[in-house]
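The sequence and model come first.

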Amino acid sequence: MSYSSLHQFGWSNLFMQQLSYDELCADDTIDNIFRITAIHRNRVEAMGVNGEASIIVPPQFQPVSQNLAVGDWVMAEMANEHFRLERILEPKNRVRRINNGLPQVIAANVDYLWIITSANEEFNVKRLERYLALAHEFDIVPAVILTKTDVCDDLDHYLDRLRELGADNVHALSVNTPGTVDVLHAYMHEGTTIALVGSSGVGKSTLVNAMFDLTLPTREIREDDAHGKHTTTHRELYFAGNGVAIIDTPGMRELQLYDSEQGIERTFSSIVELGERCRYSNCGHDNEPGCAIRQAIADRVITQAHFDNYLKLVKEEESQKRRSLGAHVVKEHTREYFKKIHSSNKVKY
Ligand SMILES: Nc1nc2c(ncn2[C@@H]2O[C@H](COP(=O)(O)OP(=O)(O)OP(=O)(O)O)[C@@H](O)[C@H]2O)c(=O)[nH]1
Ligand SMILES: [Zn+2]
């Protein structure tokens with residue numbers, strides 16, 4: 001079996017180069033390489049060249065939710081007829097969030113984030129901005145996909161709002177309008193990993209089923225745990241026939257931003273740039289004279305809602321930092337943050 005047979009699951013040189021010379025020489029190394037498809041309390045489900053396997057996670061990698069995510073590449077050894085996790089390969093990226101005050105990893109090695117929204121009352125620019133910030137923070141290429149354009153009376157309204165987002169990849173389509181989904185083929189090459197986000201009912205499953213050789217099963221799988229009790233678990237990564245991996249996790253839907261300062265800056269780059277032009281370096285963008293942000297809102301260059309959402313995300317980011325790092329660090333962080341916004345750092349008259 002050659003390593004190229006792992007490409008369909010997303011294997012690349014990034015992982016290959018983490019193997020030692022001895023590992024590369026050994027014939028059976030490839031049988032011990034897996035990509036995680038589901039996470040449980042003490043074990044993970046994974047895909048390898050010989051098919052699916054269940055891998056026991058020993059104590060040094062616990063708690064599983066903080067150390068491993070769907071999409072991770074791992075190495076495991078067979079012991080007593082069970083695979084045991086030995087090593088986690090350094091990922092290309094990892095999506096994190098805070099859950100009950102603790103950082104949790106929810107997905108790893110993601111190439112594209114398909115941010116799905118529908119052309120109806122579900123549509124919400126603030127939510128889209130939040131998802132864009134998430135993608136930027138974790139180095140994932142975002143694509144905003146507007147669905148259900150076939151049942152919408154005023155498509156221009158939605159297209160205008162999308163334009164205001166300033167995102168690079170924006171697509172409007174409907175599974176009922178032949179040809180409109182074809183633009184998405186540009187994202188679908190062998191070895192690519194696409195994660196889906198979007199509210200319930202926007203058409204995520206419908207789109208995946210239309211685009212891929214794959215039927216998304218019902219999300220909840222009943223199974224027996226070690227004590228014979230029923231637990232509900234989630235399968236979260238699927239491989240489509242064309243070698244594309246799809247990540248669809250509840251965690252992504254409940255996302256809160258974590259350590260997302262850079263993502264916020266990139267998503268709201270126009271606001272950050274405007275802030276540098278305020279007359280006073282410590283401008284609170286409230287009623288100060290010479291505030292470039294207030295002026296831009298008055299001139300309709302940016303909307304009040306866009307600025308409010310920016311402030312909300314900055315505040316959310318700070319309160320999460322406070323919870324996870326302690327108040328002292330947040331104070332320092334906030335100072336640095338605003339220093340950066342006012343990097344020109346001089347008062348202009
Ligand atoms: N008219 C129209 N209906 C669509 C389109 N895409 C999806 N739908 C319908 O929207 C409803 C919800 O679609 P789903 O694919 O189940 O939505 P989802 O985002 O996967 O929802 P969850 O699984 O709850 O997260 C279904 O009744 C679909 O038939 C579309 O392009 N046009
Ligand atoms: Zn200002």
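## Ligand shell

By class, the shell around ligand 1 holds three nonpolar, nine polar and three charged residues. Here Ala, Val, Leu, Ile, Met, Phe, Trp, Tyr, Cys and Pro count as nonpolar, Asp, Glu, Lys and Arg as charged, and the others, Gly among them, as polar. The shell comprises 15 residues, and the closest are Ser-200, Gly-203, Lys-204, Ser-205 and Thr-206. A residue is near the ligand if its C-beta atom, placed from the backbone, lies within 6 Å of it. Helix α6 (residues 204–211) gives the most to this shell, with three residues. Helices (H or I, at least four residues) and strands (E, at least two) are DSSP runs, numbered from the N terminus.

## Basis of the model

This is a predicted model, in which local features need pLDDT of at least 70 and side-chain atom pairs count only at pLDDT 80 or more, while totals for chains, interfaces and linings use all residues. Residues are numbered from 1 along each chain as its sequence is written, and chains are lettered from A and ligands numbered from 1 in the order in which they are written.

## Barrel

Five strands form a closed barrel in the order β1-β2-β3-β5-β4, with mixed pairing. From one strand to the next, the twist averages 55 degrees. Axes are lines fitted to C-alpha atoms, for helices over the stretch in contact, and angles run from 0 to 180 degrees between N-to-C directions.

Strand β2 (residues 43–48) pairs with β3 in the antiparallel sense over six bridges; two strands pair if DSSP finds at least two bridges between them. Val-44 stands opposite Ile-55 in β3.

## Helix α4

Helix α4 has 13 residues and spans 18 Å from its first C-alpha to its last, close to the 18 Å expected at 1.5 Å a residue. The expected span is 1.5 Å times one less than the number of residues. In α4, 10 of the 13 residues are buried, including Leu-128, Tyr-131 and Leu-134. A residue is buried if 20 or more other C-beta atoms lie within 10 Å of its own, exposed if 12 or fewer, and partly exposed in between, with C-beta atoms placed from the backbone.

Most residues other than glycine have a negative phi, and most peptide bonds are trans. Just after α4, Asp-139 takes a positive phi of about 60 degrees; Asp-139 is partly exposed, with 14 other C-beta atoms within 10 Å. Arg-300, in the loop between α10 (292–298) and α11 (304–325), also has a positive phi of about 60 degrees. Arg-300 is exposed, with 8 other C-beta atoms within 10 Å.

A cis peptide bond joins Gln-62 and Pro-63, with omega about -10 degrees. Pro-63 lies in the loop between β3 (51–56) and α3 (64–67).
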